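This report describes one chain, from its overall make-up to a few of its residues. The sequence and structure come first.

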Amino acid sequence: MGKAKFGASNFYYGVVKDDLVADGPKKMPGLTEAKMDLKNEMKAIAADDGPYVTLSGGISEATLDIKLLDITSDARKDFFGIEVKNGVELYNKNLKPNDIAIMFDTKMDDGTKIHVAMLKGKFSLPAVDTKTVDSTPDPSVDETTGTFAPRGDSEDGMMVAIGREDNTGFDLEKFKSFVFPKTADDYNALDTPTPTPKA
């Protein structure tokens with residue numbers, strides 16, 4: 001029987017420096033939507049008067065659009081490198097966004113969770129888009145887009161990780177350690193096999 005995916009929750013992020021997340025992940029509440037877009041360049045090669053082989057150039061672009069009810073000042077410092085003085089967010093003309101690792105959850109109709117992670121990307125500044133209240137409040141969201149690059153080696157580095165609870169051997173703590181590695185050992189967390197539970 002087929003399954004269906006729905007929902008978006010449990011948004012975590014961490015600042016990536018030298019491919020490590022030294023300060024660990026931080027939870028950001030209020031996720032309303034997440035849309036990941038992966039593009040891999042494909043080229044069909046013709047021979048013998050027809051299609052012969054299709055070649056893949058790997059992932060050429062990875063983006064994530066997220067909508068949150070509010071991106072706080074602390075999160076904006078982490079994401080965009082802004083300064084906050086006496087409660088005022090200051091956006092310097094030459095600001096340089098930090099590399100960010102993210103993780104969020106969606107789930108299957110049977111309650112099984114799927115943990116989606118993107119490992120190293122920079123996010124665009126969210127615009128301000130609000131309107132007057134007319135009877136029922138209709139809150140606006142902060143929307144930002146992250147553009148992701150490989151973590152590790154630029155030739156064969158990792159960009160995306162998807163952990164499914166319905167896969168044999170899945171261990172959420174190892175997954176989180178891999179996504180938000182504090183040490184080189186954490187970076188290789190998925191290389192150690194998960195012990196098989198005793199019957």
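## Basis and overall make-up

A residue is buried when its relative accessible area is under 20%, exposed when over 50%, and partly exposed in between (1.4 Å probe, protein chains only). By this cut-off, 30% of the 199 residues of the chain are buried. The model is predicted: local features need pLDDT of at least 70, side-chain atom pairs count only at pLDDT 80 or more, and totals for chains, interfaces and linings use all residues. Residues are numbered from 1 along each chain as its sequence is written, and side-chain values use heavy atoms, with hydrogens and water left out.

Helices (H or I, at least four residues) and strands (E, at least two) are DSSP runs numbered from the N terminus. The chain has three helices and 10 strands, in the order β-β-β-β-α-β-β-β-β-β-β-α-α. Its C-alpha trace spans about 65 × 55 × 40 Å along the principal axes. Contact means heavy atoms within 4.5 Å; of the contacts between residues at least 6 apart in sequence, 62% join residues at least 24 apart.

## Nonpolar cores

A nonpolar core is a set of buried Ala, Val, Leu, Ile, Met, Phe, Trp, Tyr and Cys residues joined through side-chain atoms within 4.5 Å. The largest has 24 residues, and those with the most contacts inside it are Phe 11, Tyr 13, Met 28, Leu 64, Phe 79, Ile 102 and Phe 123. Two or more residues each come from strand 1 (5-16), strand 4 (50-68), helix 1 (73-80), strand 7 (99-108) and strand 8 (113-123). A second, separate core of 12 residues includes Ala 101, Ala 117, Phe 178 and Val 179.

Leaving aside neighbours within four places in sequence, Ile 102 is in contact with residues including Phe 11, Tyr 13, Leu 64, Phe 123, Ala 117 and Val 179.

## Asp 142 and Ile 71

Asp 142 lies in strand 9 (residues 142-148), whereas Ile 71 is found in the loop between strand 4 and helix 1. Both are buried: the relative accessible area is 12% for Asp 142 and 2% for Ile 71. A polar atom of the Asp 142 side chain lies 2.8 Å from the backbone nitrogen of Ile 71.

Beyond neighbours within four places in sequence, Asp 142 is in contact with Ile 66, Lys 67, Leu 68, Leu 69, Asp 70, Ile 71, Arg 76 and Pro 126.

Notes: A polar contact is a pair of N or O atoms within 3.5 Å; within protein, one must be able to donate a hydrogen and the other to accept it, and residues adjacent in sequence count only if both atoms are side-chain atoms.
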